[in-house]
Amino acid sequence: MKIETHTAHFTSPLYLESGRILEPYDIVYETYGELNEAKDNVVLVCHALSGSHHAAGRYEGDRKPGWWDALIGPGKGIDTDRHFVICSNVIGSCFGSTGPMSPQYPSMQPYRLKFPVVTVRDMVRAQRQLLSRLGIHHLKAIVGGSMGGMQALQFAVDFPGLADHIIPMATTYATRPWVIAFNKVAVEAIRRDPRFDNGNYAPDAFREHGCDGLAVGRIAGHISYLSPESMDRKFGRNYVPTDGLFELFGRYEVERYMEYNTANFSRIFDPLSYLYIVKAINTFNLARGYDSLHDAVSRIQARVHLISFAGDLLFFPEEMEHLARMFRRNGQPHSYHEIESDYGHDAFLVEVEKFDFLIREILEKGET
């Protein structure tokens, strides 16, 4: 599989929903496979909160492949022998695209808290500019899970003729209070961490020891990505063998897992970027800017393929069902699949074998 990583630099202004302007800005993106002569084999993949442009394959020295490697590649659900795949890092993130720790022109000092609030719609507009830069004005499909699914739906509404197929997974049409409450734990934990220093930390401040506030907040997030059943299978009531049961801070295996994974995450993900992306998720509302959700959805021209997961405790299947009913009433082409799973929200990343055949069928035959 041919993998290429690029940076696109834009000097024209990006007008944000807030009324502010981002100028200049960079977008880092990765491509897989080959663009055909007709440019009609393009699939855009949108990433979730902690993802990046690196969706598949391995860089030299990588321990793990890209975050959706099980789905993207030769002969896989998104077959790179047939399709040209693009995945970009969203603005506001910390993996190369312009974000809060990027230099602000002309001072070239990091934006920090001066970075404007960005929304999912802003992320989508920036990616639309990238596609134009690449000379791509029509897509075979847009695919994404969680926040990536939000982007896919926003693309469908704001750019109705852009894609033939929209495939949002494990997502919603508007973020509910349940999710915002989980996100609040992370926001407050980061803000109250003394080393966060109101965003005035050095760019490499957390590279070695991580950000404690982000690690604690990520524990709350990680709980929401799993389910009681998947935790039972993975950990049971197993206790760490080297810890004493009657030691106050002795740990169960699930506690050690949370400590280890969230500590590692807090070394590689910038806490300011986390705050900004969480804000984008919290403010997501497909109806904003339109008279109603029905008005927004009625704009969609693409065939929409909704995929939910039965055990998702973050974005419940009923939220996707609501959209499916709306499409059905409107007579808009769509399909809806609820995947049988008790893994939790992260099933869209982990249990790819349960839906990859659906993606393949959509891309190859045009419907499921």
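Me: Which residues does Asp-243 touch, not counting residues up to four places away in sequence?

Reply: A word on the source comes before the contacts. This is a predicted model, in which local features need pLDDT of at least 70 and side-chain atom pairs count only at pLDDT 80 or more, while totals for chains, interfaces and linings use all residues. Residues are numbered from 1 along each chain as its sequence is written, and side-chain values use heavy atoms, with hydrogens and water left out. Contact means heavy atoms within 4.5 Å, and on that reading Asp-243 touches Phe-249, Gly-250 and Arg-251, once residues up to four places away in sequence are not counted.

Me: Where does Asp-243 lie, and which side chain makes a polar contact with its side chain?

Reply: Helices (H or I, at least four residues) and strands (E, at least two) are DSSP runs, numbered from the N terminus. Asp-243 lies in the loop between helix H5 (228-235) and helix H6 (253-268). A polar contact is a pair of N or O atoms within 3.5 Å; within protein, one must be able to donate a hydrogen and the other to accept it, and residues adjacent in sequence count only if both atoms are side-chain atoms. The side chain of Asp-243 makes such a contact with the side chain of Arg-251, at 2.9 Å.

Me: Is Asp-243 buried or exposed?

Reply: Buried means under 20% relative accessible area, exposed over 50%, and partly exposed in between (1.4 Å probe, protein chains only). Asp-243 has 15% relative accessibility and therefore counts as buried.

Me: How should I read the packing of two helices, and at what angle do the axes of H5 and H6 cross?

Reply: Two packed helices are described by the angle between their axes and the distance between the axes. Axes are lines fitted to C-alpha atoms, for helices over the stretch in contact, and angles run from 0 to 180 degrees between N-to-C directions. The axes of H5 and H6 come within 9 Å and cross at roughly 100°. Angles under 35 degrees count as roughly parallel, over 145 as roughly antiparallel, 65 to 115 as roughly perpendicular and the rest as oblique, and H5 and H6 are therefore roughly perpendicular to each other. Met-231, Lys-234 and Phe-235 of H5 make the contact with Glu-253, Val-254, Tyr-257 and Met-258 of H6. For the classes, Ala, Val, Leu, Ile, Met, Phe, Trp, Tyr, Cys and Pro count as nonpolar, Asp, Glu, Lys and Arg as charged, and the others, Gly among them, as polar; the contact of H5 with H6 has five nonpolar, no polar and two charged residues.

Me: Which residues of H6 are buried, and against which helices do they pack?

Reply: In H6 the buried residues are Glu-253, Met-258, Thr-262, Phe-265 and Ser-266, and they pack against H4, H5 and helix H7 (271-282).

Me: How are H3 and H4 arranged relative to each other?

Reply: The axes of helix H3 (residues 177-191) and helix H4 (residues 212-225) come within 7 Å and cross at roughly 170°, and the two helices are therefore roughly antiparallel. From H3, Phe-182, Val-185, Ala-186, Ala-189 and Ile-190 meet Gly-213, Leu-214, Val-216, Gly-217, Ala-220 and Ser-224 in H4. The residues of this contact divide into eight nonpolar, three polar and no charged.

Me: What does Tyr-201 touch?

Reply: Tyr-201 is found in the loop between H3 and H4, and at 4% relative accessibility it counts as buried. Beyond residues up to four places away in sequence, Tyr-201 touches several residues, among them Met-101, Arg-112, Phe-206, Asp-270 and Leu-272. The backbone nitrogen of Leu-272 lies 3.2 Å from a polar atom of the side chain of Tyr-201.

Me: Which side chains make polar contacts with the side chain of Thr-5?

Reply: Thr-5 is in strand S1 (residues 3-10) and, at 41% relative accessibility, counts as partly exposed. Its side chain is joined to that of Glu-30 by a polar contact of 3.0 Å, and the side chain of Thr-5 also makes a polar contact with that of Tyr-59, at 3.3 Å.

Me: With which residues is Leu-323 in contact, leaving aside its neighbours within four places in sequence?

Reply: Leu-323, in helix H9 (residues 317-330), is in contact with Leu-153, Tyr-173, Leu-293, Val-297 and Leu-306, with those neighbours left aside. At 0% relative accessibility, Leu-323 counts as buried.
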